[in-house]
Amino acid sequence: MSEKRLKRQRLKKKLFTKNRLVVLNEDTFEEIFSLKLNLMNVFVVVTVSAILLISITTYIIAFTPLREFIPGYASNKLKKDATILAVKSDSLALEVKKNELYIESIKKILTGDLEYASFNKDSILAKEVPDPSKFKLNPSEEEKKLREQVALEDKYNLFEKAQAKISLVLFPPVKGSITEAYNVKNKHFAVDIAVAKDTPIKSVANGTVVFADWTPNTGNVIIIKHREGILSVYKHAASLTKAQGDVVRTGEVIALAGTTGKESTGVHLHFELWKDGFTIDPTQFIDFE
């Protein structure tokens, strides 16, 4: 009998030799559990258990949402969001590039640095330039009259100047001395009227309050909308007696005079008058003194 054969028989005997696994009570030595097994059975059980464990783990990682809890694996939502952000980033980069090219073209036009298109000039036929001497360029009588009319308009301003047309009778908001008049050059589109503190400020006409609130620079401000596109503005008030949305009558008290706001230099009323989006000199329609 060869040596290899003897080794095989010994290994086979070890693998299939039956053993008993016994669990005893330590105090009474009573047998609680026993199990007959051999090395081959143990090897098979361990191998099958390992294969099952690897298969279950692989299935969980590949096909279930539990893989999101494993470090290194991203969730589907995160991948989707990342894809959307990547697409948006590409689109944004393309738009930025287009805007840069557009701005660069505008700069070239403004600076006169124009790049002429390169093309094969031989493939384009030059058009015939007409001789101006062949045409009659003398103006007709109608054209002469129109030119004279335009010249007179520019020189003497014959047409009606733009003026604010107001048919309303405006009530003085307060009575007092004008400390600073309406001045377009100084960008003072209002009149400042000096009055005593807590003097009642009244509405110049019937209307609706469109704004009534505190502002840092001009303090308590109230704005009233009247008919014919007229707005009256009252600033630096000590307090307001009307709120936004209130309907007021001519001469009704809407606030009390004061000196609120950073731009205020004393107790006075800063009063503005607007017509269709343009400022108007209030002294043309209201007598404050």
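Helices (H or I, at least four residues) and strands (E, at least two) are DSSP runs numbered from the N terminus. This is a predicted model, in which local features need pLDDT of at least 70 and side-chain atom pairs count only at pLDDT 80 or more, while totals for chains, interfaces and linings use all residues. Residues are numbered from 1 along each chain as its sequence is written, and side-chain values use heavy atoms, with hydrogens and water left out.

**View 1. Overview of the chain.** The secondary structure comes to 4 helices and 12 strands. Of the 289 residues of the chain, 20% count as buried, where buried means under 20% relative accessible area, exposed over 50%, and partly exposed in between (1.4 Å probe, protein chains only). Among contacts (heavy atoms within 4.5 Å) with a separation of 6 or more, residues 24 or more positions apart account for 55%. The accessible surface of the chain is about 22,600 Å², and 59% of this area belongs to carbon and sulfur atoms; accessible areas come from the Shrake-Rupley method with a 1.4 Å probe, and for residues only the protein chains shown count as cover.

**View 2. The largest nonpolar core.** A nonpolar core is a set of buried Ala, Val, Leu, Ile, Met, Phe, Trp, Tyr and Cys residues joined through side-chain atoms within 4.5 Å. The largest one has 26 residues, of which Ile 201, Tyr 234, Ile 254 and Phe 271 touch the most other members. At least two residues of this core come from each of strands S4 (191–194), S7 (219–226), S8 (230–240), S10 (253–257) and S11 (268–275). Leaving aside residues up to four places away in sequence, Ile 254 touches Ile 201, Lys 202, Ser 203, Ile 222, Ile 224, Tyr 234, Leu 240, Thr 241, Lys 242 and Val 248.

**View 3. The salt bridge between Glu 272 and Lys 235.** The closest N and O atoms of Glu 272 and Lys 235 are 3.0 Å apart in this salt bridge, a term that denotes a side-chain nitrogen of Lys or Arg within 4 Å of a carboxyl oxygen of Asp or Glu. Glu 272 lies in strand S11 and Lys 235 in strand S8, so the pair ties together parts that are 37 residues apart in sequence. Both partners are buried, Glu 272 with a relative accessible area of 9% and Lys 235 at 17%.

**View 4. Two further salt bridges.** By the same rule the count comes to 5 salt bridges, including one in which the side chains of Lys 197 and Asp 198 meet at 3.5 Å, N to O. Lys 197 is exposed, with a relative accessible area of 55%, whereas Asp 198 counts as partly exposed at 39%. The side chains of Lys 275 and Asp 276 also form a salt bridge, at 3.6 Å from N to O, and here Lys 275 counts as buried at 14% relative accessibility.

**View 5. The surroundings of His 236.** His 236 lies in strand S8 and, at 3% relative accessibility, counts as buried. With residues up to four places away in sequence not counted, the residues that His 236 touches include Asn 217, Asn 220, Thr 260, Glu 263, His 268 and His 270.

**View 6. A nonpolar patch on the surface.** Leu 21, Val 23, Ile 32, Phe 33 and Leu 35 form this patch, with about 450 Å² of accessible area together. Patches are made of residues with over 30% relative accessible area and no salt bridge, like charges being joined within 9 Å and nonpolar side chains (Val, Leu, Ile, Met, Phe, Trp, Tyr) within 5 Å. Strand S1 (19–24) and strand S2 (31–37) each supply at least two residues, and S2 gives the most, with 3 residues. Phe 33 lies in strand S2 and is partly exposed, with a relative accessible area of 43%.
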